[in-house]
Amino acid sequence: MTQTMTDQAETPPFDDNDGTLLAIVGHMIPASARHGVPGADDPAIYADILRSVGRDRQALAEALAAVETRAGAGFAALSRAEQAAVLQEFRADEPALASVIEAVTARCYYRDDRVMASIGIEVRPPFPEGYAVEEGDLSLLDPVRARGPIWRAP
């Protein structure tokens, strides 16, 4: 698995002792046998999520507390269908908190070597080699350039 600066942070891993986050990320990105990719609840990806929460620690704790409140008693102990119903309601009512969970999950999921390989991305960090980017058609910007400045001069 590719290591990042976040992985090397000195902060302790996020505490998910009740398994709420594990259950949520399993709903967000389930494993796919068809595509041969793990789910976000894969042990390696989940461990990466716990290590990489970083600046989202407080917001993530708030999000998980909101999910637990909606669940009543132990989100992780609910049936999968009950969990899905709680998460659907949570996402509709608390989009900002839901986006925190989505962001921390997506960051770690899409840097997993197996996931990167499955979507055709070379498994390596972008620095220092970088990636070749196909040159675009910059003439598409001509109408914008022709419009001239649209900001106030200081």
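**Tyrosine 131**

I looked up tyrosine 131 and found this residue in the loop between α6 and α7 (142–147). The model I am reading is a predicted one. Is tyrosine 131 buried, partly exposed or exposed? I noted a relative accessible area of 38% for tyrosine 131, so this residue is partly exposed, given that buried means under 20% and exposed means over 50%.

I then listed what tyrosine 131 touches, leaving aside neighbours within four places in sequence: Met116, Ile121, Glu122, Arg124, Pro125 and Pro126. For one of these, arginine 124, I also have a distance: the side chain of tyrosine 131 reaches the backbone oxygen of arginine 124 at 3.0 Å. For isoleucine 121, which is 10 residues away along the chain, I recorded a C-alpha separation of 9.8 Å from tyrosine 131.

**A cis bond in the loop**

I checked the peptide bond from phenylalanine 127 to proline 128 and found it cis, with omega near 10°. Most peptide bonds are trans. Proline 128 is in the loop between α6 and α7, where I had also placed tyrosine 131.

**Helix α1**

Next I went to helix α1, residues 20–28. How many of the residues of α1 are buried? I counted 7 of 9, and α1 is mostly covered. The buried ones are Thr20, Leu21, Ala23, Ile24, Val25, Gly26 and His27. They pack against α2, α3, α4 and α5.

I took threonine 20, which is in α1, as a case to follow. Its relative accessible area is 1%, so threonine 20 is buried. What does the side chain of threonine 20 pair with? I found a polar contact of 3.2 Å to the side chain of aspartate 18. Not counting residues up to four places away in sequence, threonine 20 touches Leu64, Val67, Glu68, Phe75 and Ala76.

**α1 against α4**

I looked up the packing of α1 with helix α4, residues 80–93. The angle is about 85° and the axes are 11 Å apart. The two helices are therefore roughly perpendicular to each other, since angles of 65 to 115 degrees count as such. On the α1 side I listed Ala23, Ile24, Gly26 and His27, which meet Arg80, Gln83, Ala84 and Leu87 of α4. By class, this contact has 4 nonpolar, 3 polar and 1 charged residues.

**α4 against α5**

By class, I noted 6 nonpolar, no polar and 3 charged residues in the contact of α4 with α5.

**The core**

The largest nonpolar core has 32 residues. Which residues have the most contacts inside this core? I wrote down Leu21, Leu60, Phe75, Phe90 and Ile101. The elements that give two or more residues to the core are α1, α2 (43–51), α3 (57–71), α4 and α5 (95–109). I found that α5 supplies the largest share, 7 residues.

Not counting residues up to four places away in sequence, phenylalanine 90 touches Ala63, Ala66, Val67, Arg70, Leu97, Ala98 and Ile101. Val67 was also on my list for threonine 20.

**Helix α2**

What caps the N-terminal end of α2? I found aspartate 42 there, with a side-chain oxygen 3.0 Å from the backbone nitrogen of alanine 44. The buried residues of α2 are Ile45, Tyr46, Asp48, Ile49 and Leu50. Their cover includes α1, α5 and α6 (113–118).

Alanine 96 is in helix α5. I noted a relative accessible area of 56%, so alanine 96 is exposed. Its C-alpha atom is separated by 11 Å from that of glutamate 62, which is 34 residues apart along the chain.

How far apart are the C-alpha atoms of alanine 153 and serine 99? I recorded 36 Å for this pair, 54 residues apart along the chain.

Definitions and conventions:
Residues are numbered from 1 along each chain as its sequence is written. This is a predicted model: local features need pLDDT of at least 70, side-chain atom pairs count only at pLDDT 80 or more; totals for chains, interfaces and linings use all residues. Side-chain values use heavy atoms; hydrogens and water are left out. Axes are lines fitted to C-alpha atoms, for helices over the stretch in contact, and angles run from 0 to 180 degrees between N-to-C directions. Helices (H or I, at least four residues) and strands (E, at least two) are DSSP runs, numbered from the N terminus. Angles under 35 degrees count as roughly parallel, over 145 as roughly antiparallel, 65 to 115 as roughly perpendicular and the rest as oblique. Contact means heavy atoms within 4.5 Å. Ala, Val, Leu, Ile, Met, Phe, Trp, Tyr, Cys and Pro count as nonpolar, Asp, Glu, Lys and Arg as charged, and the others, Gly among them, as polar. A nonpolar core is a set of buried Ala, Val, Leu, Ile, Met, Phe, Trp, Tyr and Cys residues joined through side-chain atoms within 4.5 Å. Buried means under 20% relative accessible area, exposed over 50%, partly exposed in between (1.4 Å probe, protein chains only). A polar contact is a pair of N or O atoms within 3.5 Å; within protein, one must be able to donate a hydrogen and the other to accept it, and residues adjacent in sequence count only if both atoms are side-chain atoms.
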